Amino acid sequence: MKEDSTQQSGMDGESAHLAIERRLRHLAATRPAGERLPSTRTLVLEHAASPLTVQRALQRLVLEGLVETRPGTGSFVARRHGVHRADFGWQTTALGTARTGADSIGAALASAGPGVISLHSGYPAEELLPTRLVRAALVRAARTSTAVERAPLAGLPELLTWFAAELAPAGASAVAPPTADDVVITPGGQSALSSIFRALAAPGDAVVMESPTYWGAMAAARQAGLRVVPIARGAAAPAAADLDDALGASGARLFYAQPHFANPTGALWSSAERAAILAVVRARGVYLVEDDWAHDFGIDAEVVPLAADDANGHVVYVRSLTKSLSPAIRVGAVVARGPALARIQADRTVDDLYVSGILQAAAVDVLTDPGWRSHLTRLRGSLRDRRDELARQVRGQLGADALELVPRGGLNLWVRTADGVDMPDLARRSRAAGVLFSPGDDWFPAEPTGSFLRLNYSRARPEIFEDAVATIARLLP
């Protein structure tokens, strides 16, 4: 009985506090500055509250600058100070031309509010992650010396060895496989790309990219002061002749590509395309930056990185664990051979010094746990079900020709609508209707060649795909 009385008293005190605050806030907004407010005694009597409750309400408004108190005199409506407007005009001249702006950050990073269907995000839902393994690994890592010691500059030896071994599956190639000495750990794939562009090219240089391609690579290249030279994709990869022409005309020494389940199209290079492109890269004496972002998301095809067949350091390989382990595990790697690796390592050290040891230790823990391989097997089945359901809804509601390709891996469908659709406007109207997608314009280094949108099938629940696609279909002209 005593407990009930205490709880009721607490609720009454809270109600009185809110009532007093509302009254004082109203008076402060409607009365002239300097006018005296009701005394503490008056408020205590009017609201049947304690003096402490009144003081709590007053203190809240004092902190907000609406009320001022004068010891021995009372409380008054605070004087309204003139609004100070800073003059930032000088920064326009000081900063000069921006390399990248807010519009270079793709819509794929937009936050989805409550009740919004997320078909735009590049990060899988929690149920598709090895959540149990990650949580247990973080707890164990926190109990080791990695929680308090600086990690090695290149990365933890165990993690370096793991990344190198991933490029050397038994019998895959006659080329000598990379070793741990060819690997540097980075805080995710985006950071790796930034370092590669800064380390292997100078401001003003060109970098050739497939079109469409990953918006983050374009942003990182431009932030490094590089010129992005687009080349069109064929059925899956760019034509080797087009690549040769682009490299020759631009003088570029870098070619950025996603050979496996490319983001956003889902395209996968064929064996013949791989061989032809590598021949051009070697003949031209340039680097191919291989972004293996979807290594763990194969569905109907296995990933065999081009870096596994590269003996002379033409391929600079990037792989991240952030999407496949957890967005909280910002750990990736660059694999490179020769002087290129030393330059990339120097850039990483200047930029970040080192990658969190506790995150690296947790990553090693998960990757070497027997449950990791079991998780990847389950993940493949889940992604297949989601991909097939979203593809069925797209073809059923947007037309059979809306999908040029059902990807054999990855996380996305690349959807084409009728020409002339204003995709940014459609994306805004769709978001207002409760469905987020990524407009195709974000993914082109130059002008879009049609009206496209990217739909991610790894985030939202598949049972709501039908309603989500129906919303987009209803908004299309």
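Reply: Pro212 lies in the loop between strand S5 (206–211) and helix H8 (215–223); helices here are DSSP runs of H or I with at least four residues, strands are E runs of at least two, and both are numbered from the N terminus. This is a predicted model, where local features need pLDDT of at least 70, side-chain atom pairs count only at pLDDT 80 or more, and totals for chains, interfaces and linings use all residues. Residues are numbered from 1 along each chain as its sequence is written, and side-chain values use heavy atoms, without hydrogens or water.

You'll find Pro264 in the loop between strand S7 (254–257) and helix H10 (271–284).

Now for phi. Ala48, not a glycine, has a positive phi of about 50 degrees. Ala48 sits between helix H2 (40–47) and helix H3 (51–63), and counts as exposed because its relative accessible area is 72% (buried is under 20%, exposed over 50%, partly exposed in between, with a 1.4 Å probe and protein chains only).

Leu353 isn't a glycine either, and its phi is positive at about 65 degrees. Its loop runs between helix H11 (339–352) and helix H12 (357–367).
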